[in-house]
Amino acid sequence: MSDFAARLRRATMVEHREAENRSFISRLMAGSVSREGFAALTAQYLHIYRELEAAALAMHADDRGRAFADPALFRVKALEADLAHLYGSHWETAVVPATATLAYVDRLRSFAHTSAPHFIAHHYVRYLGDLSGGQLVGKSVAQTYALGRAGTRFYSFDGIDDARTYKIAYRARLDALPLTPEEAETAIAEAQLAFRLNAAVFSELGTAYPEDVVSAA
Ligand code: HEM
């Protein structure tokens with residue numbers, strides 16, 4: 001066992017705070033992002049998770065990657081259902097990727113399909129985030145946009161009974177990973193980059209969807 005999970009958390013604290021405090025995310029939590037802005041965020045996630053989950057399927061062939069590629073985490077079906085609710089039946093033509101999203105997807109495509117340290121870094125940043133702060137974001141957006149399950153499925157993990165227990169087991173899996181010191185450094189640097197790629201998406205959305213006062217229906 002190593003202290004890899006604690007190292008990852010420590011090494012990404014600054015990036016975490018920056019992503020959390022990006023004005024788009026703090027405005028989302030404060031209820032001052034338009035419904036269009038929220039729908040656009042969900043659309044960006046579809047592009048990101050399609051690539052991340054394609055990488056997870058490829059990683060089934062890798063002993064270290066396989067331990068993380070748990071289908072209970074998969075978000076693409078939930079995102080498609082949310083987008084159908086938010087945009088209507090023609091949602092597929094509405095989900096346009098932002099420039100920052102294309103850069104994020106490109107990074108995943110280039111590195112996360114074939115390298116376990118890269119895949120695990122990206123996996124950690126998104127899914128452990130979804131099971132942590134993401135749960136608070138989910139509650140907040142459901143309230144802001146007066147949405148029930150429809151439109152916010154992305155934030156609920158039906159196959160996971162208790163997020164806290166899942167995260168403890170996930171961290172144990174990180175600690176048990178057989179990584180060389182160089183691979184551990186690679187994964188840490190990639191997790192920092194993954195946070196910055198997320199932050200860039202939030203920044204672009206922040207510019208595209210400036211301050212708005214949302215009145216719940
Ligand atoms: C409003 C925004 C956010 C809030 C309020 C928030 C809050 C939190 C909290 C309270 C934790 C600790 C949970 C625990 O110890 O079990 C956490 C962990 C985490 N968050 Fe966030 N977060 C936010 C945004 C984000 C974003 C945008 C990302 C990545 C894109 C992210 C990624 C993570 C990760 C990877 C962890 C796990 C840290 C670890 O235990 O190793 N969070 N978040």
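Helix H9 gives the most to the shell around the ligand, with five residues. The structure is a predicted model, in which local features need pLDDT of at least 70 and side-chain atom pairs count only at pLDDT 80 or more, while totals for chains, interfaces and linings use all residues. Residues are numbered from 1 along each chain as its sequence is written, and side-chain values use heavy atoms, with hydrogens and water left out.

The ligand is surrounded by 19 residues, of which Arg9, His16, Tyr124, Lys167 and Arg171 are the closest; a residue is near the ligand if one of its heavy atoms lies within 4 Å of it. At least two residues of this shell come from each of H2 (13–21), H3 (23–30), H9 (116–130), H10 (133–144), H11 (163–176) and H12 (181–208), helices being DSSP runs (H or I, at least four residues) numbered from the N terminus. By class, the shell comprises nine nonpolar, five polar and five charged residues, where Asp, Glu, Lys and Arg count as charged, Ala, Val, Leu, Ile, Met, Phe, Trp, Tyr, Cys and Pro as nonpolar, and the others, Gly among them, as polar.

His16, found in helix H2, is the only protein donor of the iron atom of the ligand, through NE2 at 2.1 Å; donors are N, O and S atoms within 2.8 Å of the metal (3.2 Å for Na, K and Ca), and sites may look incomplete because water is not among the atoms. A polar side-chain atom of His16 also lies 2.9 Å from a nitrogen atom of the ligand. For Lys167, an N or O atom of the side chain is 2.6 Å from an oxygen atom of the ligand, and for Arg171 a side-chain N or O atom is likewise 2.6 Å from a ligand oxygen atom.

Across the whole structure, nine salt bridges are found, each defined as a side-chain nitrogen of Lys or Arg within 4 Å of a carboxyl oxygen of Asp or Glu. One of them pairs Glu80 with Arg50, with the closest N and O atoms 3.0 Å apart. This pair links distant parts of the chain, Glu80 in helix H6 (residues 76–87) and Arg50 in helix H4 (residues 35–58), 30 residues apart.

Methods:
Polar contact = N/O pair within 3.5 Å; in protein donor to acceptor, adjacent residues only side chain to side chain.
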